[in-house]
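Biologist: I have a model open on my screen and would enjoy a guided tour. Could we go through it together?

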Amino acid sequence: MANDTASLMDNIINLCKRRGFVFPSSEIYGGYNGFFDYGPLGVELKNNIKQAWWKDMVHRRDDIAGLDSTIIHHPTTWKASGHLENFTDPLVDCKESKMRYRADQLFFAPVVVAGETIGYVSVLEDDTMQEKAEQQAHDLKRKLAKQGELGPVVLKDLTEAAAEEIPLIPSPATGKPGSLTPPRSFNMMFQTYVGALQDASSLAYLRPETAQGIFINFKNVLDTGRFKVPFGIAQIGKAFRNEINPRNFIFRSREFEQMEIEFFISPEADWKTLHTGWLDYCMAWFDSIGIPREKLSLYDHPKEKLSHYSKGTTDIMFEFPFGVQELQGIAARGNFDLTQHGNTSGKPFDYFDEATKTKYIPHVIEPSVGVDRVFLAVLTAAYSEDEVEGEKRTVLRLHPRLAPFKAAVFPLVKNKPELLARAEEIYKKLKRRWNVFFDASGAIGRRYRRQDEIGTPYGITVDFDTIEKDGTVTLRDRDTLEQIRLSEDDLIKFLEEKIEG
RNA sequence: GCGGGCGUAGCUCAAUUGGUAGAGUACCACCUUGCCAAGGUGGAUGUUGACGGUUCGAGCCCGUUCGCCCGCUCCA
């Protein structure tokens, strides 16, 4: 049984590979770190997740419209959004302790005594770093037995250090200078060139989030759709981040897919209540596709760690096999993005509110979720092993809405032409509406088990009663193993209710 | 990017001091099979992750590289 977390994750990765859900990308060339391909069953599951989301977020609501923007936007988009400046992490390594620091969180100062620089001190960013640095400066002065007045300790972060200063700055880990590397920049946006010339003027970026495509189309959607605030724009699409260290299978990859909504509200609106409303709505949605509430939790980002644009962010966390991690972020973004794009483009995004006769730039609530993370969460929640008549059984308890195959049709045995013909007939009929599977080879029990492992919720078996007596078939439930007999009409009604209801 | 571990058939793993790869399972075909991985017969499958070196000879030793896992770091 998969009782320890490592083997549960291994089992899921293994099943994904073996049954064609997820492959390492470019596997014949040795794989490519941070990229994954979705196989025949994976693409079905992934599409079903996206379709369920689209249906519940867009089609079943009156106040949300869809959008599909390009992956490459005008490069100025990223200047306005702040990503060009803020989506870069300058990092510094200590070669001795092997510790890694963010250069903008590691501060240093020269220690000046009587006008002469006698050495350097370094501290990690926190509330008391100035005091700590001054204490270190005093200690250094005493240690070197220098006479004279200690100059003011002026802290700067490592990104401002001159090249010749780096070897003199002590590592916070060892307290000794000489082991820090110069800050190296890890820009997380993938770059490319648009057009024939590869120079600075043609530099462009693959989007690191789908959100900006929504913001830059705000006015287009507003002008054509007769929408009134509050309303939202939803988008599903690929996003790219050059992660330093992709980890945990498809959880953090370099090419991934997002489902994002920007829900525009009045600046006067009670954003906290709306924010909470979205949290509840999204939690309920997860529950409806088979991600149980007991595996979900909330995490409020501490105020001081919020991104430049955010008034408040709450993550919906999921208990993955490798730990509790973010599944969805729900941010109150204020009107930072619309304001920025308005100012930068010179086309202000003022909205005239007929109800209050006021003009304003709307604020947003942004529920943003990764398709691949939902995919992994769904698999984690669905994966189970049990025992049937003494034999171990692997079963994916996927919600019928998400299951790659909705049902599998079997003739009880395959050497009776009448059984085979009738089963094929039912299969073809069902296939017009749903993705169903047909299998005639091997013992019936084995065929059930094969479908259990890929999450097919129903097995439909054509037996001798079907062709000789009343025309009913048996319908076998994946989770309970129970069988009922249904006429063909009742079968269709049953599937309709379970899959679409 | 650093440290540690690992890489052999689709999967799980063997292969003696270095002597040019094998099992189980899965898969395909046929036979058998009246409801939960039954049985029989036959079949296909590998540049041992890649490249280079040492050697008469490398899955095994050495180097490089790619990938995976764990820890650190990162994750607006």
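**A guided tour in questions and answers**

Biologist: Happy to start in the loops: between which helices is Asn217 found?

Modeller: A word on the ground rules: this is a predicted model, where local features need pLDDT of at least 70, side-chain atom pairs count only at pLDDT 80 or more, and totals for chains, interfaces and linings use all residues. Residues are numbered from 1 along each chain as its sequence is written, chains are lettered from A and ligands numbered from 1 in the order in which they are written, and side-chain values use heavy atoms, with hydrogens and water left out. Helices (H or I, at least four residues) and strands (E, at least two) are DSSP runs, numbered from the N terminus. On that basis, Asn217 is found in the loop between helix H6 (211-216) and helix H7 (218-225).

Biologist: Which backbone oxygen does the side chain of Asn217 reach?

Modeller: Asn217 counts as buried because its relative accessibility is 18%, and buried means under 20% relative accessible area, exposed over 50%, partly exposed in between (1.4 Å probe, protein chains only). Leaving aside residues up to four places away in sequence, Asn217 touches Leu67 and Ser69, where contact means heavy atoms within 4.5 Å. At 2.8 Å, its side chain reaches the backbone oxygen of Gly213.

Biologist: Why is the pair of Phe218 and Phe231 stacked?

Modeller: The ring centres of Phe218 and Phe231 are 6.2 Å apart, and because their planes are at 25°, the pair is stacked. Phe218 lies in helix H7 and Phe231 in strand S12 (residues 231-240), so the pair ties together parts that are 13 residues apart in sequence. Phe218 is buried at 1% relative accessibility, and Phe231 is buried at 1% too. The plane angle that answers you is 25°.

Biologist: Is Phe227 buried or partly exposed?

Modeller: Phe227 also pairs with Phe231: their centres are 5.1 Å apart and their planes at 10°, so this pair is stacked. Both belong to one aromatic cluster, formed by Phe215, Phe218, Phe227, Phe231, Phe264 and Phe349. With a relative accessible area of 22%, Phe227 is partly exposed.

Biologist: Which peptide bond is cis?

Modeller: Most residues other than glycine have a negative phi, and most peptide bonds are trans. Pro230 lies in the loop between H7 and S12. With omega about 5°, the cis bond is the one that joins Val229 and Pro230.

Biologist: And what is the phi of Phe249?

Modeller: Phe249 is found in the loop between S12 and strand S13 (255-265). Phe249 is buried, because its relative accessible area is 13%. Although Phe249 is not a glycine, its phi is positive, at about 60°.

Biologist: One last stop: is Lys357 buried or exposed?

Modeller: Lys357 has its place in the loop between strand S17 (351-353) and strand S18 (358-360). Its phi is near 55°, a positive value in a residue other than glycine. At 57% relative accessibility, Lys357 counts as exposed.

Notes
Polar contact = N/O pair within 3.5 Å; in protein donor to acceptor, adjacent residues only side chain to side chain. Phe/Tyr/Trp six-rings, centres within 6.5 Å; stacked < 30°, edge-to-face > 60°.
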